[in-house]
Amino acid sequence: TEMTAWLRELPKAELHLHIEGTLEPALMFALAERNGVTLPYESVEAVRAAYDFDDLPSFLTLYYQGMGVLHTRENFFDLAMAYFDRAREDGVAHVELSFDPQAHRVRGVPLEAPFEGLLAACREAESRHGISSALIMSFLRDRDPAEAMEVLEQAAPWHASIAAVGLDSAERDHPPGRFAEVFARARAMGIPGVAHAGEEGPAAYIREALETLDVCRIDHGVRCLEDADLVATLRERRIPLTVCPLSNVKLKVTPTLAEHPLPALRDAGLNVTLNSDDPAYFGGGMLDNHVACHEAFGWTRNDFLAMTRNALEAAFMAEERRDVLL
Ligand code: HPA
Ligand code: ZN
């Protein structure tokens, strides 16, 4: 439709994207073969059929299993370039790729593989597609904070290439405060923080992430509406929420998109952005998420322009680049 064409042309910024969550089944099979990894699936169709999730943990099991085919820096490069090629088709102008070094380290993959592979892909995306990007090194909240601290120290050769540290994985019973020291250490090095909070976990985790981690953005954050004082704080501080509509439906954070709290978040005056999270698992990239919101909420061009502006203002981006895109 005309609206879809317009949404594709809109130069969008994607702030919440797990690069391991962009691994399409066909590439998963190709890399499994290349690396001698046995997958518990017969075919690409069987992989797709398995993507029927009840909640965040049931997704994470397949997400960590899927990324097991990533071994070398070339594998990470191929993964990211396949994503950038699709992002270009979606009209994405800027991407902040999050990755989970601990999930690779436990498999014996050294930090240099994701770092060097992803950074090379980011440079290639700039020259091939004119897409700007930034790297977010995320920590797994369901693992020991001491391990996160160790990874932060081991990442020293790449500190200048890290736009921010993040916090993801299973949220329930894994409050953000445990990572206060890690985020403080990163901040002391000049690296800001973002954190997933209020996706499956309570609104209290959003407040805790702001207060104990001093994060400048909240990933998801949709459950903030359960706490009116928190909503006021988020509004007054204009904290960006990187909301992922199709992800929230797939992981049953909301029963349907029509019932998604996005319109309520915007009505509350919050700084909302639209993102795809794990597009290979959740049924669509940036354009699909935008089109779905147009269909579910009847949002118009001005609504999408406002949210794209929110994302560009919240992005870890050189000012000259922001001036071009805004
Ligand atoms: N939530 C938490 N952790 C994640 C996600 C998510 O949606 N995707 C990848 N890791
Ligand atoms: Zn996420």
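Guide: Here is a walk around the ligand and the strands and loops that go with it.

A word on the ground rules: this is a predicted model, so local features need pLDDT of at least 70, side-chain atom pairs count only at pLDDT 80 or more, and totals for chains, interfaces and linings use all residues. Residues are numbered from 1 along each chain as its sequence is written, while chains are lettered from A and ligands numbered from 1 in the order in which they are written.

Let's start with the shell. Around ligand 1 sit H18, G21, L56, Y63, D168, S169, H196, E199, S247, D277 and D278 (near here means a C-beta atom, placed from the backbone, within 6 Å of the molecule). Sorted by type, that shell has two nonpolar, five polar and four charged residues. In this scheme Ala, Val, Leu, Ile, Met, Phe, Trp, Tyr, Cys and Pro are nonpolar, Asp, Glu, Lys and Arg are charged, and the others, Gly among them, are polar.

Now take D168, which belongs to β4, residues 164-168. Helices (H or I, at least four residues) and strands (E, at least two) are DSSP runs, numbered from the N terminus. D168 points the same way from β4 as A164 and G166, with V165 and L167 going the other way. Five of the five residues of β4 are buried, so the strand is largely enclosed by the rest of the structure. Buried means 20 or more other C-beta atoms within 10 Å of a residue's own, exposed means 12 or fewer, and partly exposed is in between, with C-beta atoms placed from the backbone.

The partner of β4 is β3 (residues 132-140), running parallel to it and joined by five bridges; strands pair if DSSP finds at least two bridges between them. Within that pairing, S138 stands opposite G166. To get from β3 to β4, the chain goes through helix α8 (residues 145-154) in a right-handed β-α-β crossover, right-handed meaning that, with the strands pointing away from you, the path from the first strand over the helix to the second runs clockwise.

Next comes S169, in the loop between β4 and α9 (180-188). Its phi is near 80°, a positive value in a residue other than glycine.

E199 is in the loop between β5 (194-197) and α10 (203-213). UniProt's unreviewed entry gives this residue the feature "active site"; UniProt positions follow the numbering used here, feature names are shortened, and annotations may be inferred rather than shown by experiment. E199 counts as buried because it has 24 C-beta neighbours inside 10 Å. Beyond its neighbours within four places in sequence, E199 is in contact with L56, E171, H220, V222 and V253, contact meaning C-beta atoms, placed from the backbone, within 7 Å.

Last stop is D278, in the loop between β8 and α14 (279-282), which UniProt's unreviewed entry lists for "binding site". With 25 C-beta neighbours inside 10 Å, D278 counts as buried. Leaving aside neighbours within four places in sequence, its contacts are H18, G21, Y63 and S247. As for β8 (residues 271-274), N271 and T273 point one way and V272 and L274 the other, and all are buried. β8 runs parallel to β7 (residues 240-243), with four bridges joining them, and L274 is the bridge partner of V243.

Conventions
Two residues are in contact if their C-beta atoms, placed from the backbone, lie within 7 Å.
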